[in-house]
Amino acid sequence: MDASVITTTDLRKVYRSRDREVTALDGVDLGVREGEVYGVVGRSGAGKSTLIRCVNLLERPTSGTVEVAGRDLTALAGRSDRAPAALRAARAGIGMVFQHFNLLSSRTVQDNVELPLEILGVSGRARARKAGELLDLVGLSDKARAYPAQLSGGQKQRVGIARALAGDPKVLLSDEATSALDPETTRSVLRLLRDLNRQLGLTVLLITHEMDVVKQVCDSAALMKGGRVVESGTVAELLATPGSELAGELFPVGGQASGPDRTVVDLTFHGDSATRPVISQLARTYNVDISILGAAMETYDGRQIGRMRIELPGRFEDNVVPIGYLREQGLDVAVVPDAPEAVPVTGPVSVTDPVAAPVPAPAPVSTVKETAK
Ligand SMILES: Nc1ncnc2c1ncn2[C@@H]1O[C@H](COP(=O)(O)OP(=O)(O)O)[C@@H](O)[C@H]1O
Ligand SMILES: [Mg+2]
C-alpha cells in the first residue's frame with residue numbers, strides 16, 4: 001500500500017456565530033495516497049469545501065489533525081490568525097484550484113501565474129521562465145500576454161491550474177474546478193488534471209458534486225454526508241462493495257420491481273464468480289423465474305466487476321434460500337428496498353442479517369454498507 005500523502009484524523013470543524021452552531025465536519029478520517037486522484041463527492045452543504053479548506057489550513061479545524069506530505073499542518077498553525085512562516089512554507093507545497101478561477105483581471109495571464117512566485121520572493125527572470133514552462137504545460141503558451149477577460153472559461157481554469165503549480169506542489173487541491181464549465185470543457189480540464197497527475201506524480205484531491213467527474217478521473221472516492229465520510233475506497237473496492245451508494249451512482253443498474261410481492265436483489269460479481277453461470281444454476285436449482293432488471297460490467301485494475309439487478313417472484317421471506325445460495329456462490333448480495341410508494345417502507349436487508357428487520361428510511365443504501373463492510 002502506498003503511503004498516504006494527505007491524512008486527516010478525526011477532523012472537526014464547528015462554525016459558531018452568536019446564536020448558531022454548525023458542525024461542518026464531524027470527525028473526518030481521510031487518507032489520500034501518493035500519486036492518486038481522489039474525489040470527494042456529496043450534496044451541497046455536506047462539508048466538502050470545509051474539508052478541503054481545512055486540508056491547507058485556510059480554515060482552522062476545531063479539532064483533529066491534518067498531515068500533508070508527512071508534516072502535521074495543524075501543529076504548525078500556531079494560535080494567532082496570521083499563519084506562521086512554517087505553515088506558509090508548507091502551503092507552498094499545496095496547490096489550490098478554485099471554481100471561479102480567482103484570477104486578477106488587471107494582470108496578464110503570465111503575471112497571474114507569476115503571482116505566487118512573486119510572493120515567494122523568486123527573482124523576475126526565474127519567475128518568467130517558470131511561468132512560461134507552466135503555460136506550456138497547460139497548453140496556453142500563446143495566451144501569456146492576454147488578460148483573463150479575453151479567455152474562455154476553460155482557458156481561465158487552465159491559468160488557475162498553472163498558477164496552482166507554480167510552487168512545484170506535491171499536492172493539488174481542487175474545489176469544484178469544473179462546476180462552472182460546460183461538459184466538453186469539463187472533460188478537457190479533467191484530462192489535463194489526469195495528465196498532470198501522471199506526468200508530475202501529482203496527488204490530486206478534488207471536490208465535486210458530479211459523479212461523472214469521479215468516473216472520468218478518480219482512482220479513489222469518498223462520499224460525504226452531514227460532515228462525515230460515509231463511504232470511501234478505491235473505485236474498484238467501492239464497485240465490489242455490496243450496497244455501496246457510490247458504486248450505485250457511478251454505475252447505476254436501474255430497474256424497479258415489476259409488481260408487488262417481488263424481491264429485487266443487486267448482485268455484484270467479481271473474481272471467479274464473474275465467469276460462472278450462477279443465474280441459470282439458480283433458476284434450475286430452485287425452479288424460479290428470474291428477471292434481469294439491469295446490468296453493468298466494468299473493468300477496474302484489470303479485474304472484471306459485474307453488477308446486476310434481478311427480480312425474484314415472492315417476498316423476501318420466500319427467497320431466503322435462493323438468496324443464501326447466491327451468497328454461497330461468492331456473490332455479494334444486497335436486497336433492494338421497496339420503492340417509496342410501496343407500503344410499508346422497509347429498509348434494505350443485508351443477507352448476512354437473518355432477520356428482515358424494517359429499517360427506518362431514508363438513505364437506505366448506506367445502512368447496507370455498514371452491515372456489509
Ligand atoms: N464560514 C462559515 N460560517 C458558517 N457556516 C459555514 C461556513 N462555511 C460553511 N458553513 C456551513 O457548513 C456546512 C458545510 O458547508 P460546505 O463545507 O461549504 O459544504 P459543501 O462544500 O459540501 O457544499 C454548511 O451547513 C454551511 O452552511
Ligand atoms: Mg462547496
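The model shown is predicted: local features need pLDDT of at least 70 and side-chain atom pairs count only at pLDDT 80 or more, whereas totals for chains, interfaces and linings use all residues. Residues are numbered from 1 along each chain as its sequence is written, and chains are lettered from A and ligands numbered from 1 in the order in which they are written.

View 1. Leu58 lies in the loop between α1 and β4 (63-68). Helices (H or I, at least four residues) and strands (E, at least two) are DSSP runs numbered from the N terminus. Arg91 is 33 residues apart from Leu58 along the chain, and their C-alpha atoms are separated by 9.4 Å.

**View 2. The shell around ligand 1.** The residues surrounding ligand 1 are Tyr15, Val22, Ala24, Gly42, Ser44, Gly45, Ala46, Gly47, Lys48, Ser49 and Thr50, a residue being near a molecule if its C-beta atom, placed from the backbone, lies within 6 Å of it. Two or more residues of this shell come from each of β2 (21-33) and α1 (48-55). The most are given by α1, with 3 residues. By class, the shell holds 4 nonpolar, 6 polar and 1 charged residues; Ala, Val, Leu, Ile, Met, Phe, Trp, Tyr, Cys and Pro count as nonpolar, Asp, Glu, Lys and Arg as charged, and the others, Gly among them, as polar.

View 3. Within α12 (residues 320-328), Pro322, Ile323 and Leu326 are buried. These residues are on the same side of α12 because they cover an arc of only 100 degrees around the axis, taken from the directions from the helix axis to the C-beta atoms. Val321 and Glu328, on the other side of α12, are exposed. The buried residues of α12 pack against β11 (262-270), α11 (278-286), β13 (303-313) and β14 (332-335), contact requiring C-beta atoms, placed from the backbone, within 7 Å. Gly330, with a positive phi near 90 degrees, follows α12.

**View 4. An open mixed sheet.** In this open sheet, 6 strands follow the order β6-β7-β8-β3-β9-β10, with mixed pairing; two strands pair if DSSP finds at least two bridges between them. Since β6 (94-97) and β10 (228-234) stand at the edges, each with a single partner strand, one side of each is left without a neighbour in the sheet. Strands β7 (residues 171-175) and β8 (residues 203-208) run parallel and are joined by 5 bridges. The bridge partner of Ser174 in β8 is Leu206.

Notes:
A residue is buried if 20 or more other C-beta atoms lie within 10 Å of its own, exposed if 12 or fewer, and partly exposed in between; C-beta atoms are placed from the backbone. Two residues are in contact if their C-beta atoms, placed from the backbone, lie within 7 Å.
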